[in-house]
Amino acid sequence: MVNDLVSDVLIRIKNASNAKHQFVLVPSSKVVVDILKVMKEEGFIKDFELVSVDAKPYVKIHLRYGPNKEPYILGVKRISKPGRRIYVGKDDLPKVFDGFGIAVVSTPRGIVSDKKARKLGQGGEVLCFVW
């Protein structure tokens with residue numbers, strides 16, 4: 001049993017990307033799907049699809065690579081954890097590597113990237129960094 005599904009999914013994506021896999025299969029949840037939507041919009045993954053394995057929901061994530069097989073995801077970091085939640089206001093939204101990466105933020109308007117949260121004028125819970 002995994003206590004923190006988001007951390008588990010992020011690490012699986014990073015490890016599969018470093019191992020140059022074409023796709024990775026991870027357990028599904030609403031938060032995971034919303035984070036993957038943000039990662040797809042920002043260009044870190046190619047695509048994802050919901051699949052069922054033994055009647056359990058999973059997400060098949062198609063990873064993205066550059067022309068020389070270099071991974072687009074160089075690193076991930078879980079910020080807000082189940083034991084310690086991290087919230088920021090709209091003026092304190094973090095920039096990951098000076099805009100090279102993204103922060104995934106859970107706002108009252110849904111899970112969005114830090115750039116979109118600034119446009120919306122919303123703060124919230126900082127879920128993770130992806131670069």
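## A buried glutamate and its partner

E125 counts as buried at 11% relative accessibility (buried is under 20% relative accessible area, exposed over 50%, partly exposed in between, with a 1.4 Å probe and protein chains only). This is a predicted model, where local features need pLDDT of at least 70, side-chain atom pairs count only at pLDDT 80 or more, and totals for chains, interfaces and linings use all residues. Residues are numbered from 1 along each chain as its sequence is written, and side-chain values use heavy atoms, with hydrogens and water left out.

The side chain of E125 meets that of R85 in a salt bridge, 3.0 Å from N to O (the cut-off is a side-chain nitrogen of Lys or Arg within 4 Å of a carboxyl oxygen of Asp or Glu). R85 sits in the loop between β4 and β5 and E125 in strand β8, so the pair ties together parts 40 residues apart in sequence (helices, H or I, are DSSP runs of at least four residues and strands, E, of at least two, numbered from the N terminus). R85 is partly exposed, at 41%.

## Bridges inside helices

A search of the whole structure turns up 7 salt bridges. One of them joins D8 and R12, with the closest N and O atoms 3.1 Å apart. Both residues belong to helix α1, 4 residues apart, or about one turn. R12 comes out partly exposed at 32% relative accessibility.

Helix α3 (residues 114-120) holds D114 and R118, again 4 residues and about one helical turn apart. Their salt bridge has its closest N and O atoms at 3.5 Å.

## The aromatic pair

How many aromatic pairs does the structure hold? There is 1, and F97 and W131 form it edge-to-face, 5.1 Å centre to centre with 70° between the planes (rings of Phe, Tyr and Trp, the last by its six-membered ring, pair if their centres lie within 6.5 Å; planes under 30 degrees apart are stacked, over 60 edge-to-face, the rest tilted). The pair links distant parts of the chain, 34 residues apart: F97 in the loop between β5 and β6, and W131 in the segment after β8 (124-130).

F97 is exposed at 51%, whereas W131 is partly exposed at 21%.

## Positive phi values

Most residues other than glycine have a negative phi. F97 has a positive one, near 50°. K20, in the loop between α1 (5-18) and β1 (23-27), also has a positive phi, near 65°. K20 is partly exposed, at 35% relative accessibility.
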